[in-house]
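Thanks for coming. Please look at the sequence and the model on the screen while I talk.

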Amino acid sequence: MSENQNHEENQKHFLTLHISHKGQQKTLHFRIRHAAAICAAAAVLVGGTVFSVGAYQKTKTDLQASEEQLLETERENRKLEQRAELLQHENNEYTENIDAIQNKTTELEQKMNEIQTVKDDLYDQINSMSNSDSSSASLTAVTSALETSDVTPTFTNIISTSYNKASTLSAQLDKMNAMMDETGISFTSVAADVTYALACQNNIPTGWPVESRIVSTEFNPTADASISDGRKHYGIDISTQSQIIPISATAAGTVTTATFHPEFGFYVVIDHYNGFTTLYAHCTELNVNVGDKVKRGDIIGTTGTTGMSSGIHCHYEIQLNGVYQNPRDYLGEE
């Protein structure tokens, strides 16, 4: 091969390697297309590596996120299980309390029936004695005939004994009446306790939302001029005499509103799940947020004079299935 041909052949090659091994020499020629193929393969390899590393990192990140989400779900499940156990425990206590009250009520009813039976028997005995002594003419004749006889003392003893027995029975009857009155009072008290316990069990608003018992504006949905200041009013205003004091939920439920309103100021609405909702307005500050679960007696805010208000108080409303109720019907004993 001529020198020119060797030169042209070498120009076709991108790289030429001369390798000597055991006295023999070998020549390796790399053409441009070989170099291009190597570069392409290297690019594919590098790109594949980068893609694989990226996919691995993304998978690792997703896996960590999934693990964190799983842990959070497990924590929430544990909280729910603990809440369920607490609710079950409270429900068992309510059930036991109601059963005890019902048993006490049954005992009182039985006692009242027994007292009434004894009372009726005493009345019958007194009436029988009155009828036996009503024949005054016969009694006078017998008395006259026996004035000189030996049986007069015996007859006197009989009359005296009958009189003493009647007096004793009357005294016993008075005592039974007193016991009946006491039992009636106890029964009324127990009945009130049963009503209150059932109301609490069914999340019915009961009691006062604040410690004050001063109602400055009454319930007046028809704007009756004879009620308070005569303006339409869908709840009651409970004055706290210029003191900022806590406001408590009157039944368990979920907070559906906790915000500011130009008329109500800072106010809270609680849904009690059974058609009842309660509203507490003109608060100085709120202690709850929308979605919070509250129990009866939980502090939800403090009294104030925010919104359209002329003094520190709590405006309290009750609705049943969208119909305004007079809160006084649910306050219980003052």
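Strand β9 pairs with strand β11, residues 299-302, in the antiparallel sense over two bridges. Strands here are DSSP runs of E with at least two residues, helices are runs of H or I with at least four residues, and both are numbered from the N terminus. Two strands count as paired if DSSP finds at least two bridges between them.

Before I go on, this is a predicted model, so local features need pLDDT of at least 70, side-chain atom pairs count only at pLDDT 80 or more, and totals for chains, interfaces and linings use all residues. Residues are numbered from 1 along each chain as its sequence is written, and side-chain values use heavy atoms, with hydrogens and water left out.

Back to the pair. L286 has G301 in β11 as its bridge partner, and E285 has T302 in β11. β5 and β11 pair over three bridges, in the antiparallel sense. Together the three strands form an open sheet in the order β5-β11-β9, with antiparallel pairing. What stands at the edges? β5 (246-248) and β9 (285-286) do, each with a single partner strand, so one side of each is left without a neighbour in the sheet.

Next, T254. This residue lies in strand β6, residues 253-261. T254 is buried, with a relative accessible area of 13%. The cut-offs are under 20% for buried, over 50% for exposed, and partly exposed in between, with a 1.4 Å probe and protein chains only. Which residues does T254 touch, not counting those up to four places away in sequence? They are V269, I270, D271, Y273, G291, D292 and K293. A contact means heavy atoms within 4.5 Å. T254 and V294 are 40 residues apart along the chain, and their C-alpha atoms are separated by 6.2 Å.

Now two backbone angles. Most residues other than glycine have a negative phi. S228 has a positive phi, near 50°. S228 sits in the loop between β3 and β4 and is partly exposed, with a relative accessible area of 40%. N321 also has a positive phi, near 55°. N321 is in the loop between β12 and β13 (323-325), and is exposed at 62% relative accessible area.

On to the second largest pocket. A pocket is found on a 1 Å grid over the protein atoms alone, as an open set of points where a 1.4 Å probe fits, with protein on both sides within 12 Å along at least five of seven lines; lining residues have an atom within 4 Å of a point. The lining has 22 residues, and R231, H233, D237, H282 and M308 lie nearest the centre of the pocket. The elements that give two or more residues to this lining are β3 (214-217), β4 (236-239) and β12 (313-320). The largest share, three residues, comes from β12.

Last, the whole protein. There are four helices and 13 strands. Of the 334 residues, 24% count as buried. Among contacts with a separation of 6 or more, 58% are between residues 24 or more positions apart.
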